[in-house]
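This briefing covers the fold, the sheet, the helix packing and selected residues of one protein. The points below are grouped by topic and may be read alongside the sequence and the coordinates.

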Amino acid sequence: MNDFGQCPTEGAIGLLTLLIRSGRFAESRLDDDLAAAGLTFMKWRTLDVLVKAESPVSLGALADLLHCVRSNVTQLVDKLEAELVVRRIADPDDRRGTLVQLTETGCAAHATGRKALESATREVFAPFGEEDRSALRRLLVLLNGK
């Protein structure tokens, strides 16, 4: 792994370095906390998208919602299907299409994962006051163009 201690922390490159390091830290921390539920953050995000969709989702739509390429989502769904947390079903509106549906096991894994994420995020953001969290959110939204 890279030694970020050797990377610049000032200027635009430094900001990007800190942003990348922060993202990696957050994802690693969340993955650690989700491991007890048999999930990674990306697996949990997939389940979360399916929970919020409230109905089966095509692989293409799932890729769009996760901001991933379809081949990555196909591999992810393969893993989740092997773990019995999702299942593929035929698309009733397109006989060539396949939809992804959450199973009862998947719903339970999502709920367990959500509790782990809530605990982890409380700990990660404990040093921040409400004003700091709001400012960080505003800046990240601005950076992401949304």
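A residue counts as buried when its relative accessible area is under 20%, as exposed when that area is over 50%, and as partly exposed in between. By this criterion, 26% of the 146 residues of the protein are buried. The model is predicted. It comprises six helices and three strands.

**Overall architecture**

- Read from the N terminus, the elements follow the order α-α-β-α-α-β-β-α-α.
- The C-alpha trace spans about 55 × 30 × 30 Å along its principal axes.
- Among the contacts with a separation of 6 or more, 43% are made by residues 24 or more positions apart.

**The sheet**

- The three strands form an open sheet whose order is β1-β3-β2, and the pairing is antiparallel.
- Strands β1 (57-58) and β2 (86-91) are the edge strands, since each of them pairs on one side only.
- In general, the strands of a sheet pair through backbone hydrogen bonds, in either a parallel or an antiparallel sense.
- Strand β3 (residues 94-102) runs antiparallel to β1, and two bridges join them.
- Within that pairing, S58 has L99 in β3 as its bridge partner.
- Between β2 and β3 there are six bridges, again in the antiparallel sense.
- In this second pairing, R88 stands opposite V100 of β3.
- Helix α4 (residues 70-82) lies across β2 and β3, and its direction makes an angle of about 115° with β2.

**Packing of α1 and α5**

- Two packed helices are described by the angle between their axes and by the distance between those axes.
- For helix α1 (residues 11-34) and helix α5 (residues 104-124), the angle is about 135° and the axes are 9 Å apart.
- The crossing of α1 and α5 is right-handed.
- On the α1 side, the residues that meet α5 are F25, R29, L30, D33 and L34.
- Their counterparts in α5 are G113, A116, L117, A120, T121, E123 and V124.

**D33 in the α1 helix**

- D33 belongs to helix α1 and is partly exposed because its relative accessibility is 24%.
- When residues up to four places away in sequence are left aside, D33 touches A116 and A120.
- D33 and L62 are 29 residues apart along the chain, and their C-alpha atoms are separated by 24 Å.

**Aromatic pairs**

- The structure contains two aromatic pairs.
- One of them is formed by F41 and W44, which are stacked, with 6.4 Å from centre to centre and 25° between the planes.
- A pair of aromatic rings is described by the distance of the centres and the angle of the planes.
- Both F41 and W44 lie in helix α2 (residues 41-53), where they are three residues apart, or about one turn of the helix.
- F41 has a relative accessibility of 24% and so counts as partly exposed.
- W44 has a relative accessible area of 6% and is therefore buried.

- E54 is not a glycine, yet its phi is positive, at about 65°.
- The position of E54 is in the loop between α2 and β1.
- E54 counts as exposed because its relative accessibility is 74%.
- H67, likewise a residue other than glycine, has a positive phi near 60°.
- The loop between α3 (59-66) and α4 holds H67.
- With a relative accessibility of 64%, H67 also counts as exposed.

Notes: Residues are numbered from 1 along each chain as its sequence is written. This is a predicted model: local features need pLDDT of at least 70, side-chain atom pairs count only at pLDDT 80 or more; totals for chains, interfaces and linings use all residues. Side-chain values use heavy atoms; hydrogens and water are left out. Rings of Phe, Tyr and Trp (its six-membered ring) pair if their centres lie within 6.5 Å; planes under 30 degrees apart count as stacked, over 60 as edge-to-face and the rest as tilted. Helices (H or I, at least four residues) and strands (E, at least two) are DSSP runs, numbered from the N terminus. Buried means under 20% relative accessible area, exposed over 50%, partly exposed in between (1.4 Å probe, protein chains only). Two strands pair if DSSP finds at least two bridges between them. Contact means heavy atoms within 4.5 Å. Axes are lines fitted to C-alpha atoms, for helices over the stretch in contact, and angles run from 0 to 180 degrees between N-to-C directions. A crossing is left-handed if the near helix is turned anticlockwise from the far one by less than a right angle, and right-handed if clockwise.
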